[in-house]
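Hi everyone, thanks for coming. Let me put the structure up, and then we'll walk through some of its aromatic side chains together.

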Amino acid sequence: MKDKIKDNIDDPEQLEKIYRDDKKGFEKAFFEIYTEIAEFRISDFWKARLEYDRLNDYSFQPKKTDLLFLFISCAIAGFLIEIPKIFDINLGAFSFYEKNAGLILLLGVSMFAFFTKEKINLKPLVIAFFVLILSALYINFLPSNPYSDSVFLAYLHFPLFLWCLYGLIYIDFDTKDKVKRIDYIKHNGDLAIILAILIIAGAILSGVTIGLFEVIELKIERFYQEYIILIGLVSAPIVATYILRNYPFIANKIAPIIANLFSPLVLITLIVYLVSIIITEKNPYNDRDFLIAFNLMLLGVMAIIVFSITETSVDKRQRFNERTLFVLSIITLIIDLVALSAILYRLGEFGFTPNRTAALGANLLIFGHLVLIMIDLYRVNFRNKEIKQVELTIAQYLPVYALWTIFVVFGFPFIFGLK
């Protein structure tokens, strides 16, 4: 079947005949060789067609076992996050949440992902388990020194390292398949949308619940904050994953709309912001707090660009959105150049520190990625290339971020002597 599809990829009529002769066999073979035929325009059509029923099946009923695994994963994550209260651990000395919050979140989501797989591959399971155990031991044996920048950076980057690990779990450790990496990025964008909705709904429910108990003169704020809210926060990503798995049509409808709305709004905001910087004469070269805010804004805009690109339709051209993303990439590149020059200036004036080194590395990585994205977006807009090429560029660059994150988490504390 695979050879038949490859041999007839340029013959729509023959592909249709092959599909009608064996629909299930065609679908299975198509997705197995999709990365090999992704460059053909017709592949996007067949991918959208084969996925349509699953993504838009509103009558689909989730498996009962999925609900059971959802409950088990949430219960385990909730228990782990409450360990300091259950065992009366001194948080001031141990920094439990700084070290383990991200680990518990990843563990809960990963458990649910493994439990609900159609077929469990033992090798990735064993690898992921040992990496989780070793990284948990490492992060908890780091000294709880609030004045150590290198340790703080390890804490800060540790959730990103775990995010990379979850990405490997999500793609079944198939590091060669770039399409799976793109799917993982899309999954994260969809997850963020569902998670935001859940958090808003949870905040409304919490306010109503506390208010109702106040009416009958019962004060539950402290209990609610220490147990219900905390457990709810670590359970929310697992619940969002469950929703995406069983009701994919929800994010499938919302994500492209948000992506199309956000790109022009962010572009306008950035232009106004840059003009405001010039008018107010703000200086990132001497103002450390402003430089930090500048870099955080850069990371946020970069994330929006990646999200918008991966959610842009491949079934039909969206010229306005593609040109908006191209202009946005240019302006973001300018912002990154300003941030880089400010970091280099401060390095020359004050020397290397863990924070400045981390900022320099992150900005250089983003700069390189932005250049590649901008070049591809130029080709999309002015050389009639497909938006898929930009997605592949994003996917190819992900291991670079992963390597940098590993270096910061496991290298910085020793390179800078826990300073």
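Let's start with a question: is phenylalanine 407 buried, partly exposed or exposed? At 36% relative accessibility, phenylalanine 407 counts as partly exposed; buried means under 20% relative accessible area, exposed over 50%, and partly exposed in between, with a 1.4 Å probe and protein chains only.

Before going on, a word on the source. This is a predicted model, where local features need pLDDT of at least 70, side-chain atom pairs count only at pLDDT 80 or more, and totals for chains, interfaces and linings use all residues. Residues are numbered from 1 along each chain as its sequence is written, and side-chain values use heavy atoms, with hydrogens and water left out.

Now the rings. The whole structure holds 22 aromatic pairs, meaning rings of Phe, Tyr and Trp (its six-membered ring) with centres within 6.5 Å; planes under 30 degrees apart count as stacked, over 60 as edge-to-face and the rest as tilted. Take tyrosine 397 and tyrosine 401: their centres are 5.4 Å apart and their planes at 65°, so this pair is edge-to-face. Both sit in helix α18, residues 388–415, four residues apart, about one turn of the helix; helices are DSSP runs (H or I, at least four residues), numbered from the N terminus. Tyrosine 397 is buried at 13%, while tyrosine 401 is partly exposed at 22%.

Back to phenylalanine 407, then. Its ring pairs with tryptophan 404 in a tilted arrangement, 5.6 Å centre to centre and 45° between the planes. Tryptophan 404 counts as buried, at 17% relative accessibility.

Finally, ring pairs link Tyr138, Phe158, Phe161, Phe410 and Phe414 into a cluster.

Definitions and conventions. Helix = DSSP H or I, 4+ residues; strand = E, 2+ residues; numbered from the N terminus.
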